[in-house]
Amino acid sequence: MFFPDRKIVERIKKEYPSGTRVELVELNDPYRHLPAGLQGTVSCVDDTGTIHVDWDNGCHLGVVYGEDRCRKI
């Protein structure tokens, strides 16, 4: 498993603090299908750079660094 450099994780934490609104661009998860365009609120960023999001559809799923993509809105 790939973990990003500590500097990258710190940048992600600063860019996506708790409460930041985001929109899903792409999710590469074979077990969950969340549509692009879905919006949610960041709950936290962990030490692997995963952005944990409370999605507006009630799902709680992380955006994994290097695998998935979201953008601030």
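A pocket here is an open set of grid points with protein on both sides within 12 Å along at least five of seven lines. All the views below come from a predicted model.

**View A. The largest pocket and its lining.**
The largest pocket holds about 170 Å³ of space. Two elements each give two or more residues to its lining, namely α1 and β5 (69–72). By residue type, the lining of the largest pocket splits into 7 nonpolar, 2 polar and 3 charged.

**View B. T20, in the loop between α1 and β1.**
Here we zoom in on T20, which sits in the loop that runs from α1 (6–15) to β1 (21–26). Is T20 buried or exposed? T20 has a relative accessible area of 14%, so it counts as buried, the cut-off being under 20%. Its side chain gets to the backbone oxygen of P17 at 2.7 Å. Leaving aside residues up to four places away in sequence, T20 is in touch with E15, G40, T41, V42 and K72.

**View C. The β3–β4 hairpin.**
Strands β3 (residues 51–55) and β4 (residues 60–63) pair up antiparallel, with 4 bridges between them. The hairpin leaves 4 residues between β3 and β4. In that turn, look for G58, which has a positive phi of about 95 degrees.

Methods. Residues are numbered from 1 along each chain as its sequence is written. This is a predicted model: local features need pLDDT of at least 70, side-chain atom pairs count only at pLDDT 80 or more; totals for chains, interfaces and linings use all residues. Side-chain values use heavy atoms; hydrogens and water are left out. Buried means under 20% relative accessible area, exposed over 50%, partly exposed in between (1.4 Å probe, protein chains only). A polar contact is a pair of N or O atoms within 3.5 Å; within protein, one must be able to donate a hydrogen and the other to accept it, and residues adjacent in sequence count only if both atoms are side-chain atoms. Contact means heavy atoms within 4.5 Å. On a 1 Å grid over the protein atoms alone, a cavity is a set of points where a 1.4 Å probe fits but cannot get out, and a pocket is an open set with protein on both sides within 12 Å along at least five of seven lines; lining residues have an atom within 4 Å of a point. Grid points are joined across faces, edges and corners, and a volume is the space filled by probe spheres set on the points. Ala, Val, Leu, Ile, Met, Phe, Trp, Tyr, Cys and Pro count as nonpolar, Asp, Glu, Lys and Arg as charged, and the others, Gly among them, as polar. Two strands pair if DSSP finds at least two bridges between them.
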